[in-house]
Amino acid sequence: MTASKDKEEISTYKTQPAEILAIRDLTDDTRYFKLRCKDITMNKDFQYRPGQFVIFSLPGVGEATFSLSSTPTRRDFIEFGIRKVGSFTEALFKLKKGDTIDIRGPYGDGFEMEDLRGRDLIIVSGGLGAVPLRSVLLYIEDRREEYNKVFFLNGARSPKDMLYKRDFIAMNQRQIIDTHLAVDEDDTGEWPYNVGFVTQLIPKLGELIDSENTTAIICGPPIMYKFVIQELLKLNIPKDQILMTLERRMKCGQGHCGHCAVGGRYTCLEGPVFTYYDVQHIKELI
Ligand SMILES: Cc1cc2nc3c(=O)[nH]c(=O)nc-3n(C[C@H](O)[C@H](O)[C@H](O)COP(=O)(O)OP(=O)(O)OC[C@H]3O[C@@H](n4cnc5c(N)ncnc54)[C@H](O)[C@@H]3O)c2cc1C
Ligand code: FES
């Protein structure tokens with residue numbers, strides 16, 4: 001965390017009210033939320049890294065964990081992509097623009113974007129994994145000169161299931177990041193991009209990257225990790241340069257409750273970002 005100790009304590013432990021500035025549907029069950037802390041000084045203290053997460057609380061409903069999908073390079077608001085799956089998210093989906101949510105954080109380790117400067121990057125997301133990786137992508141777009149070749153591979157079940165479809169198509173057109181979009185199945189007959197699993201796009205990158213100088217970043221459904229990692233290892237990407245976000249159910253977010261422990265690791269403190277090298281022998285993690 002880059003914030004000073006005092007600022008860190010303010011932003012991490014204190015719950016603060018945040019106003020909903022905008023809401024829009026990303027897919028049938030997933031919504032974009034844009035928030036701003038009501039206390040304007042808190043916005044300045046809210047320093048975070050891509051890959052970190054925040055805990056939302058709603059009085060009488062409970063708490064839930066959500067990844068930041070905005071970039072710390074664009075200040076004064078934070079963004080989220082949230083899927084309705086149960087009681088907390090149902091209550092959240094009833095809120096409107098102008099309503100308030102209590103938030104605390106940011107928590108977790110996140111991606112050390114400074115350490116990736118000068119490297120080739122392969123960023124692979126599937127489904128809801130696009131939420132935290134959007135933060136990485138926007139950060140890189142804002143500081144493009146700091147990174148070498150950057151490839152973004154994003155997969156969804158079908159065109160209507162692709163989160164941030166509009167943004168990612170625009171990203172594909174801007175070509176600041178070499179973007180490749182794939183759907184498992186094209187039920188529209190009009191999808192102009194790739195059809196098939198996102199893993200099929202990885203071998204083509206072999207000739208374009210310098211393996212030793214490449215870092216891969218992955219986030220997606222559990223089944224995706226195994227196959228994406230297999231393909232990345234075939235490109236000779238070092239195991240300690242395969243970074244992935246692994247999300248486990250969390251409660252306190254601060255290493256107190258033990259809810260998120262897997263194989264002796266607290267994913268709220270040590271994760272959610274891990275290297276493949278670190279977790280390759282922990283069966284429950286991938
Ligand atoms: C670090 C982290 C980051 C997250 N980021 C996001 C995000 O950006 N967007 C988003 O939509 N969700 C995210 N989640 C998941 C989110 O926290 C849960 O979907 C939410 O807590 C569900 O609350 P609920 O009361 O609506 O559903 P519940 O009633 O609690 O759960 C409904 C169903 O979802 C399952 N479920 C709930 N939470 C999880 C989980 N963490 N892992 C696997 N299955 C789960 C339950 O087992 C159940 O089947 C994240 C979770 C973690 C730990
Ligand atoms: S969520 Fe409580 S220890 Fe990690």
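Author: Take α4, which is mostly covered, with 11 of its 13 residues buried. A residue is buried if 20 or more other C-beta atoms lie within 10 Å of its own, exposed if 12 or fewer, and partly exposed in between, with C-beta atoms placed from the backbone. Helices (H or I, at least four residues) and strands (E, at least two) are DSSP runs, numbered from the N terminus. This is a predicted model, in which local features need pLDDT of at least 70, side-chain atom pairs count only at pLDDT 80 or more, and totals for chains, interfaces and linings use all residues. Residues are numbered from 1 along each chain as its sequence is written, while chains are lettered from A and ligands numbered from 1 in the order in which they are written.

Reader: Which residues of α4 are buried?

Author: They are Ala130, Val131, Pro132, Leu133, Arg134, Ser135, Val136, Leu137, Leu138, Tyr139 and Ile140.

Reader: What span does helix α4 reach from its first C-alpha to its last?

Author: The expected span of a helix is 1.5 Å times one less than its number of residues. Helix α4 covers residues 130–142 and reaches 18 Å, close to the 18 Å expected.

Reader: How many residues has the largest nonpolar core?

Author: A nonpolar core is a set of buried Ala, Val, Leu, Ile, Met, Phe, Trp, Tyr and Cys residues joined through C-beta atoms within 7 Å. The largest one here has 54 residues, and Leu137 and Met244 are among those with the most contacts inside it. The largest share of this core, eight residues, comes from α4. A second, separate core of 22 residues includes Ala18, Phe53, Phe66 and Phe80.

Reader: What does Met244 touch?

Author: Two residues are in contact if their C-beta atoms, placed from the backbone, lie within 7 Å. Not counting residues up to four places away in sequence, Met244 touches Ile218, Cys219, Tyr225, Phe274 and Tyr276.

Reader: Which domains does the domain assignment give?

Author: Domain bounds come from an automatic or database domain assignment. For this protein the assignment gives domain 1 (5–107) and domain 2 (113–245). Their centres, taken over C-alpha atoms, are 25 Å apart. The contact takes 14 residues from domain 1 and 16 residues from domain 2.

Reader: And the whole chain?

Author: The protein has seven helices and 15 strands. Of its 286 residues, 40% count as buried. The C-alpha atoms fill a box of roughly 50 × 40 × 35 Å, taken along the principal axes.
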